[in-house]
Amino acid sequence: MSLWENENNQNENGEQNNDAMEANFTVKDSGNENAGDTTDEKPTYVFENLYKNEFDRERERKKKKGMRMSGGGIAAIVALCLVVSMISGIVTGAFIGRRNTHSDAITPTDSGSSSTVTPNETTSGHESTATTSPVPLIQHAASSGNTLSPEEIAANCTDSVVVVEVVTVTTYTMFGKKYEQAMRGAGSGVIYNEDGYVITNYHVASETCSSITVTTSDGKTYNAKFVVGDKDADIAVIKLENASGLKPAKIGNSKNLVVGNYVAAIGNPLGYGLTFTDGKVSALSRKVSIDGSSMTLIQTNAAVNEGNSGGGLFNAAGELVGIVNAKINGDTVEGFGFAIPIDTVVKNVNDLLTYGYIRDRARLGVTINSLYLIDEKRNYSIVYYIQSVSSGSSAEKAGLQAGDILYMLDGEFTPASSFASALSKYKVGDTVELTVLRSSGGITSTTVYQKDCTEVKVSVTFEEFNPNTQN
């Protein structure tokens with residue numbers, strides 16, 4: 001489970017709400033309507049359900065015989081959901097590197113089967129299925145030190161890169177009916193074991209995929225299953241079924257890279273098939289925020305496009321030194337590709353396979369949800385409130401409580417869009433000061449926070465914590 005994975009919400013009928021309704025409370029400063037009032041009273045915070053009134057009205061309409069919701073009414077609710085989704089898209093859309101996707105027709109249907117297996121009885125934050133054989137760890141190879149020509153790199157390394165195609169099915173409920181929407185996508189992967197274990201990005205293949213299909217450079221196609229992965233690290237391992245004799249990539253060391261080194265990217269750009277491009281290392285240790293997660297990446301001017309995600313970045317010796325995962329998007333932007341350093345990949349994958357989670361990561365040990373916080377100047381920000389605190393976590397030991405609103409980090413106001421990114425700068429053993437808004441009344445759709453809404457400073461020292469044990 002990711003640190004910031006929201007707890008699934010249910011409506012009053014026990015049905016799952018869709019993602020557009022996760023931010024289901026708003027915080028409003030009631031302010032002071034008397035313009036001449038200059039008192040120093042604390043602001044009043046009112047929590048309201050964003051969608052409750054609209055859906056209550058629709059529920060009442062359905063109770064009346066012969067009454068049906070008009071097309072305009074449906075459009076109003078759908079538009080509201082789209083606005084929430086678009087806000088999220090605007091925040092994260094500055095970067096691409098996602099698999100190519102398109103949506104199939106939306107039809108009422110039953111849920112499909114899962115394509116997830118879990119190695120050695122470990123978990124990745126979801127229900128697990130034990131497998132009989134251990135999953136091999138990734139091992140660095142001894143460097144030959146030989147410099148190859150671009151033609152030799154293409155010939156030696158392309159067989160270790162694969163095309164990954166996935167189908168993801170999303171199930172949701174609208175007005176009492178369950179629907180499924182199938183999304184098809186394509187990305188890349190790199191073979192690290194001859195029996196078919198492949199490294200890719202989590203945003204290319206995850207446990208949410210209903211099917212994963214892999215095509216090797218010789219045109220053979222295999223069904224594959226998700227093994228482990230982590231959303232914040234954007235890394236995953238998948239396993240090809242009934243595969244043997246594949247050509248693993250030679251795993252290099254990214255710590256030996258310097259700016260100006262030759263590199264080649266091999267992947268499946270735009271779904272056209274395996275493609276070779278090359279360039280230089282433009283920067284090392286580039287801090288990039290992608291989907292709310294702060295990552296330290298290799299920057300390259302080798303051509304990278306959608307579908308390259310999960311593919312390999314190779315050095316002049318034909319050694320794998322990175323997993324491509326992003327490109328800056330823009331009509332006038334070229335030569336801004338990024339890759340996860342292979343040293344980071346090896347550490348993260350081996351942690352996932354050994355422990356079931358990535359170690360040495362700063363985790364509070366809480367489940368959260370989103371709030372709109374409107375201040376006295378009518379400026380609004382999306383912040384997080386704590387739904388639950390896990391036993392034995394850093395949050396519990398520091399005194400954080402369910403209902404606390406995460407407000408400041410080390411004295412700086414931190415909205416939801418940057419909170420996870422800010423936390424990712426810390427590691428186990430670090431101490432931070434959190435400021436939370438706390439009320440003794442708890443969070444409900446009718447609670448009014450007046451003078452009992454206080455700012456509380458909490459010192460948190462991060463300890464090693466397994467996120468799979470969260471409540």
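Modeller: Let's start with Phe462, which counts as buried because its relative accessibility is 1%; buried here means under 20% relative accessible area, exposed means over 50%, and partly exposed is in between, with a 1.4 Å probe and protein chains only. Before going on, bear in mind that this is a predicted model, where local features need pLDDT of at least 70, side-chain atom pairs count only at pLDDT 80 or more, and totals for chains, interfaces and linings use all residues. Residues are numbered from 1 along each chain as its sequence is written, and side-chain values use heavy atoms, with hydrogens and water left out.

The rule for ring pairs goes like this: rings of Phe, Tyr and Trp (its six-membered ring) pair if their centres lie within 6.5 Å, and planes under 30 degrees apart count as stacked, over 60 as edge-to-face and the rest as tilted. That gives five aromatic pairs. One of them is stacked: Tyr172 with Tyr179, at 5.9 Å centre to centre and 20° between the planes. Tyr172 and Tyr179 are both buried.

Back to Phe462, then: this ring pairs with Tyr426 in a tilted arrangement, 6.2 Å centre to centre with 35° between the planes. Tyr426 is in the loop between helix H6 (416–423) and strand E21 (431–438), while Phe462 is in the segment after strand E23 (454–461), so the contact ties together parts that are 36 residues apart in sequence. (Helices, H or I, of at least four residues and strands, E, of at least two are DSSP runs, numbered from the N terminus.) Tyr426 counts as partly exposed, because its relative accessibility is 21%.

Now for the strands. E21 and E23 run antiparallel and are joined by eight bridges; two strands pair if DSSP finds at least two bridges between them. Within that pairing, Leu437 has Glu455 in E23 as its bridge partner. E21 also pairs with strand E19 (residues 405–409), again in the antiparallel sense, over four bridges. There, Val436 in E21 stands opposite Leu406. E21 itself is mostly covered, with six of its eight residues buried.
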